[in-house]
Protein chains: 2
Amino acid sequence: MLLSKTCIYGLRASVLLASKKQGGLEYTTIRELSDELEISFHFLTKVLQKLTKSELLESYKGPNGGVKLARDASSINFMDVVRSIDGDSLIHECALGLPGCGLLKPCPLHDQWSGLKMNIITMMQDITLKDMANNDSTGHLLKNPIQIISGK
Amino acid sequence: MLLSKTCIYGLRASVLLASKKQGGLEYTTIRELSDELEISFHFLTKVLQKLTKSELLESYKGPNGGVKLARDASSINFMDVVRSIDGDSLIHECALGLPGCGLLKPCPLHDQWSGLKMNIITMMQDITLKDMANNDSTGHLLKNPIQIISGK
DNA sequence: GTATATTAAGACTAAATACTCTTAAATATT
DNA sequence: AATATTTAAGAGTATTTAGTCTTAATATAC
């Protein structure tokens with residue numbers, strides 16, 4: 001698995017926020033997010049605390065509180081969330097888990113893997129929360145995708 | 001982490017075998033492999049049992065026994081070992097861990113990720129144990145790399 | 001056949017990750 | 001001030017992955 005489950009939960013919640021009114025710039029309760037994403041409320045709370053600490057989200061306690069994106073969904077990318085939760089092991093890690101593998105002392109897979117890894121990182125940096133929110137036509141991330149031709 | 005530690009151990013042992021005389025086609029004891037790779041003997045034994053069951057290795061009990069490659073190192077690729085140990089979750093898994101993600105119901109990352117994933121898989125299929133054994137000039141995988149200008 | 005060398009298999013333990021529950025702190029409403 | 005709503009934080013539990021240990025099975029050599 002490339003990303004931890006914790007990280008995936010953080011991503012899903014961030015994209016869900018981005019899909020909300022005002023592009024996620026107003027408070028939504030974690031309860032609402034956890035209900036929609038079908039993730040345990042308490043666990044999601046912990047995950048989102050990491051995003052709050054790394055200032056991707058802002059939180060507010062009490063009635064009408066919740067979490068919101070700290071800045072526009074188009075300026076937060078996939079990689080920001082990944083680094084906040086999984087750290088940058090993805091960036092530095094050798095495919096064979098060999099300590100000390102690098103340009104100076106490449107493992108047998110280093111050259112091939114660093115190229116592929118760079119492509120993954122570039123992709124993660126290029127795609128923003130807004131992109132993902134707009135690209136969830138199949139409702140994978142958002143159980144109740146944005147209604148274009150709204151019903152009731 | 002893309003590959004489990006178990007999988008990485010299996011890869012390292014396979015490459016080490018491939019680097020041995022006769023290209024790994026004669027028996028080497030697991031004890032020798034575990035000593036050279038500095039992996040616990042018992043744990044490596046378990047890992048290699050998987051490779052033996054999937055017929056990438058052959059084992060033989062008793063004195064002069066051990067494990068050897070079941071076929072030439074140039075005909076076993078990286079992917080063979082990965083699939084034997086980690087299964088093909090790598091091939092099928094959605095980057096966001098979403099069940100049901102696929103061509104028919106792509107998640108917001110599906111298109112980008114499936115392209116990158118294909119590159120990873122292609123790389124793993126293209127590189128053989130022989131390639132890796134030949135390409136370990138820095139001795140990352142093999143603690144005592146093959147001596148070209150042999151000492152003592 | 002007895003001792004020795006080796007892999008196979010299963011039970012067990014440890015560590016990492018995922019998840020739950022309880023309590024505290026902050027804010028709003030009345 | 002009292003109560004309700006919400007996130008924060010910490011302790012605790014469960015599950016998965018990694019690793020260890022013991023015993024069994026198989027083969028060789030004497």
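**A cysteine and the chain contact**

Modeller: B:C107 is buried, with 4% relative accessible area (buried is under 20%, exposed over 50%, partly exposed in between; 1.4 Å probe, protein chains only). The model is predicted: local features need pLDDT of at least 70 and side-chain atom pairs pLDDT 80 or more, while totals for chains, interfaces and linings use all residues. Residues are numbered from 1 along each chain as written, chains are lettered from A and ligands numbered from 1 in written order, and side-chain values use heavy atoms, without hydrogens and water.

The sulfur closest to that of B:C107 among the cysteines belongs to B:C94, at 3.7 Å, which is too far for a bond (a disulfide needs sulfur atoms within 2.5 Å). In the other chain, A:C107 is likewise buried at 4%, and its sulfur lies 3.7 Å from that of A:C94, again too far for a bond. Over all chains, the disulfide count is zero.

As for the two chains, chain A can be laid on chain B with an RMSD of 0.0 Å by a turn of 180° and a shift of 0.0 Å along the axis (least squares on C-alpha atoms with pLDDT of at least 70 in both). The copies are thus related as by a two-fold rotation axis. In chain A, A:L2 has the C-alpha nearest that axis, 2.5 Å away.

The contact (heavy atoms within 4.5 Å) takes 33 residues from chain A and 33 residues from chain B. The copies meet through the same surface, because 100% of the interface residues of chain A are also interface residues in chain B.
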